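Here is a short briefing on a protein model.

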Amino acid sequence: MSDLSMLMDMGFAQNQAERALQVTGNQGVEPAMEWLLAHADSIGSTPLDTFTVGQKTEDVTQQSQTEATETTGDDGTAEMKEIEEEVALAAKSLKCDECNKKFRTDSEVEFHAVKTGHQSFSESSEEIKPLTEEEKKEQLKSMYTKLESIIKQRRALKAEQEKKEALEKEISRRKSGQELTHVRQKMQEEELKQLAEQKKREKLEAKEARQRVLEQIERDKQARREKFGMSNPNPPVTSPSAPPKEIVPPAPSQTYSECRIQVRLTNGECLTHSFSPNEQLAAVRLYVEINRTDGSSPFALMTNFPKKVFSDEDMNTPLNSLGLVPSAVLIVCKPQP
């Protein structure tokens, strides 16, 4: 609510309220109300245009004298002097008690208080002179300079903020990349670990399978020994009419207790091992599978002279029956189609 409205709400006429505000220099409701109460008898219904801002003291005095004459009927000298004193003492500006700077309006005072932090202000009867054209140009130039400085500062602050945000984004991106790389590396390590465990498990299973084969071969050999011992506890009795060749056993296993086999691999290396003459050729093949160094591709065994490639049926035949006792050289070759 404006000062004029507040005065009118208190019961004063509009022209009286406006006149009081102008006489007191628009200093607020309280000074205007005090002036109205002090001059309640002398205030008429004088139009507002007789009291304009910056009116000369002589005009105010003449107007006050006329009003005093109309009201009292005399020359109104005392009333005129009182009005002149009121006009002379009326505040024409506001002054900062801390820096002695003068202001025209309350808004300028508030701005100055916010800007400088000064809190002590008082009324002043000194009128602020209007600015000359040069002062106006200088003030305008100063305002432009300050405005450009503020714009530059804000742009610099904005650029610094954008640079800082870009740096933070780059740091966040690198951190995310490092975390992603760490996760991928961890996943690869887990996969390699699982693959190593799988290979280890497969090797263990293969070793167990080979062990079972060896045990089965050993059981078969033991069964054959037992069977051979039971069927031939004594040397066979020959009849006088039988030829001498039938008396001599054809198998050399009865003469030799072991069979030394040398196996030539495809890479030029040789494997040498001793077997029992009664062992099957499958035992030799299993030994080659376990100890070979030329790969893991399928293979077959053969003799060089006379050249013979052993088939799958020969794997169940004892070494003495294949003519490999007391020693023989076998060659690893590709299996026959």
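Helix α9 (residues 281–291) holds both R285 and E289, 4 residues apart, about one turn of the helix. Helices here are DSSP runs of H or I with at least four residues, strands are E runs of at least two, and both are numbered from the N terminus. The model is predicted: local features need pLDDT of at least 70, side-chain atom pairs count only at pLDDT 80 or more, and totals for chains, interfaces and linings use all residues. Residues are numbered from 1 along each chain as its sequence is written, and side-chain values use heavy atoms, with hydrogens and water left out.

**Salt bridges**

- A salt bridge is a side-chain nitrogen of Lys or Arg within 4 Å of a carboxyl oxygen of Asp or Glu.
- The count by this rule is 6 salt bridges.
- R285 and E289 form one of them, with their closest N and O atoms 3.5 Å apart.
- Burial is read from relative accessible area: buried is under 20%, exposed is over 50%, and partly exposed lies in between (1.4 Å probe, protein chains only).
- R285 is partly exposed because its relative accessibility is 21%; E289 is also partly exposed, at 40%.
- R174 and E170 form a salt bridge too, at 3.1 Å from N to O.
- Both of these residues sit in helix α7 (residues 133–231), 4 residues apart, about one turn of the helix.
- An α-helix has 3.6 residues a turn, so residues three or four places apart point the same way.
- R174 counts as exposed because its relative accessibility is 53%, whereas E170 is partly exposed at 28%.
- A network of salt bridges links E170, R173 and R174.
- D294 and R292 form a salt bridge with closest N and O atoms 2.7 Å apart, and both residues are buried.

- D314 lies in the loop between β7 (308–309) and β8 (327–333).
- D314 is buried but has no salt bridge.
- The nearest side chain of opposite charge is K308, 4.4 Å away; Lys and Arg count as positive, Asp and Glu as negative, and His and the chain ends are not counted.
- Beyond its neighbours within four places in sequence, D314 is in contact with L281, K308 and L322; contact means heavy atoms within 4.5 Å.

**Sheet**

- An open sheet of 3 strands runs in the order β2-β1-β3, with antiparallel pairing.
- β2 and β3 are the edge strands, each pairing on one side only.
- Two strands pair if DSSP finds at least two bridges between them.
- β1 (residues 93–96) and β3 (residues 121–124) pair over 4 bridges, and C96 has F121 in β3 as its bridge partner.
- β1 and β2 (residues 102–103) pair over 2 bridges, and L94 has F103 in β2 as its bridge partner.
- The hairpin of β1 and β2 has 5 residues between the strands, and N100 takes a positive phi near 60° there.

**Helix α2 and cysteines**

- In helix α2 (residues 14–23), the buried residues are A17, E18, R19, A20, L21 and V23.
- The structure holds 0 disulfides, a disulfide being a pair of cysteine sulfur atoms within 2.5 Å.
- C259 is buried because its relative accessibility is 0%, while C270 is partly exposed at 39%.

**Whole protein**

- The protein has 9 helices and 8 strands.
- Buried residues make up 23% of its 337 residues.
- Of the contacts with a separation of 6 or more, 56% join residues 24 or more positions apart.
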